[in-house]
Amino acid sequence: MLFVYLEMALNGTENFSNQSNTTVKDICAPDREISQVIFTVLYSVFFIGGLLMNSLAIWVFFQIPSKSNFIVYLKNTVMADLLMTLIFPFKIIIESRFRTPGLQVFVCQVSSVLFYLTMYISIIFLGLISADRYQKAAKPFGHSGTCKPRTAKILSATVWLCMFLLVLPNMILYKGNTMQENERKCSSLKTDLGLKWHELVSFVCQIIFWSNLILIVVCYFLISRELYKSYRKTKGSSRQAKKVNYNVFLVLAVFFICFVPFHFARIPYTLTQTRGAYQCSTRVTLYYIKESTLSLSALNACLDPLIYFFLCRSFKNMLFTKLNNCAKRLPKMQPGDYQSSMDTPL
């Protein structure tokens with residue numbers, strides 16, 4: 001569906017160049033009618049699915065004591081995912097006909113910034129989770145060099161604080177709090193310093209992403225090697241080893257599906273905002289590519305709960321325990337109840 005959307009958008013750019021009585025800014029404005037339908041549906045699905053699954057994850061996780069670094073990092077990840085999910089309604093409204101200039105300003109200054117904040121916090125914690133899993137696989141009985149949960153909590157708080165301080169100028173370096181009715185570009189509200197900071201943050205976030213991707217790939221390659229060595233020593237069944245490897249590569253699959261496409265598109269698109277780079281048709285194309293790949297990044301909020309379920313035994317056990325407890329509380333029908341209900345005259 002995204003590729004059909006992109007093809008329609010590219011065909012629509014031909015009409016922009018034929019408008020001789022409009023400004024360059026209007027000519028390069030993408031067709032919003034298509035995005036109103038597609039992205040509204042996408043983010044509505046993401047919001048419902050993400051809200052249900054992340055609420056369930058929080059319900060389960062906060063019954064589990066934070067006795068390991070792994071649990072600490074997972075709890076921070078689910079908090080970031082839930083916060084991102086709560087931002088989706090603003091993405092839905094801003095693409096609908098209910099959009100107002102005031103809401104557009106709020107989205108530019110607050111909700112969009114928080115969206116990227118939570119995305120990169122999730123990326124960092126997935127990297128920390130991968131490093132922790134390798135450490136556990138290499139030293140299953142622990143060693144003195146392993147940091148304690150208290151250290152993991154301090155590290156987690158530091159990640160949140162540093163990322164917030166990094167994006168805070170993107171919330172305050174604005175010319176004003178008003179926007180024209182037909183204006184959509186957040187960069188039109190930023191000061192010169194705000195544009196430079198936005199560009200700097202984009203490059204820093206690229207470094208954060210690619211460094212964490214390399215970390216995750218290396219860690220899970222080493223984990224697979226450790227598991228292979230372990231199964232060779234214990235003569236484990238090939239079926240069991242194959243199952244473990246599938247679970248291991250789930251993190252890589254989520255990372256590549258959700259984040260890699262967007263980070264190929266982000267830097268060129270950022271240059272169109274901060275420096276006016278590229279021709280009009282290229283700018284419009286990059287906009288649609290950015291929005292399409294950004295929706296894949298938003299999908300991460302719905303996919304992370306699968307990682308919790310398949311990689312965290314404590315999460316899975318607690319989930320089944322909670323569901324069993326809920327099932328036991330439901331009123332049970334006695335064997336004779338069904339027959340008596342059938343015998344009751346209408």
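How many salt bridges does the structure hold? The structure holds three, a salt bridge being a side-chain nitrogen of Lys or Arg within 4 Å of a carboxyl oxygen of Asp or Glu.

This is a predicted model, in which local features need pLDDT of at least 70 and side-chain atom pairs count only at pLDDT 80 or more, whereas totals for chains, interfaces and linings use all residues. Residues are numbered from 1 along each chain as its sequence is written, and side-chain values use heavy atoms, with hydrogens and water left out.

1. Glutamate 291 and lysine 91 form a salt bridge through their side chains, at 4.0 Å from N to O. Glutamate 291 belongs to helix α11 (residues 280-311) and lysine 91 to helix α4 (residues 69-94), so the pair ties together parts that are 200 residues apart in sequence. Helices here are DSSP runs (H or I, at least four residues), numbered from the N terminus.

2. Glutamate 291 also forms a salt bridge with lysine 290, where the closest N and O atoms are 2.6 Å apart. Buried means under 20% relative accessible area, exposed over 50%, and partly exposed in between (1.4 Å probe, protein chains only).

3. A salt bridge joins the side chains of aspartate 132 and arginine 133, at 2.8 Å from N to O. Aspartate 132 is buried, at 10% relative accessible area, while arginine 133 is partly exposed at 23%.

4. The structure holds one disulfide, defined as a pair of cysteine sulfur atoms within 2.5 Å. Cysteine 108 and cysteine 186 form this bond, with their sulfur atoms 2.0 Å apart. The torsion about the S-S bond is about -80°, so the disulfide is left-handed. Cysteine 108 lies in helix α5 (residues 101-138) and cysteine 186 in the loop between α7 (169-172) and α8, so the pair ties together parts 78 residues apart in sequence. Cysteine 108 is buried at 3% relative accessibility, and cysteine 186 is buried at 17%.

5. Cysteine 258 is in no disulfide; the nearest cysteine sulfur, that of cysteine 302, is 9.0 Å away. Cysteine 258 is buried, with a relative accessible area of 0%.

6. Asparagine 212 lies in helix α8 (residues 192-234) and is buried, at 9% relative accessible area. Leaving aside residues up to four places away in sequence, asparagine 212 touches Ile123, Ile124, Gly127 and Phe255, contact meaning heavy atoms within 4.5 Å.

Terms used. Helix = DSSP H or I, 4+ residues; strand = E, 2+ residues; numbered from the N terminus.
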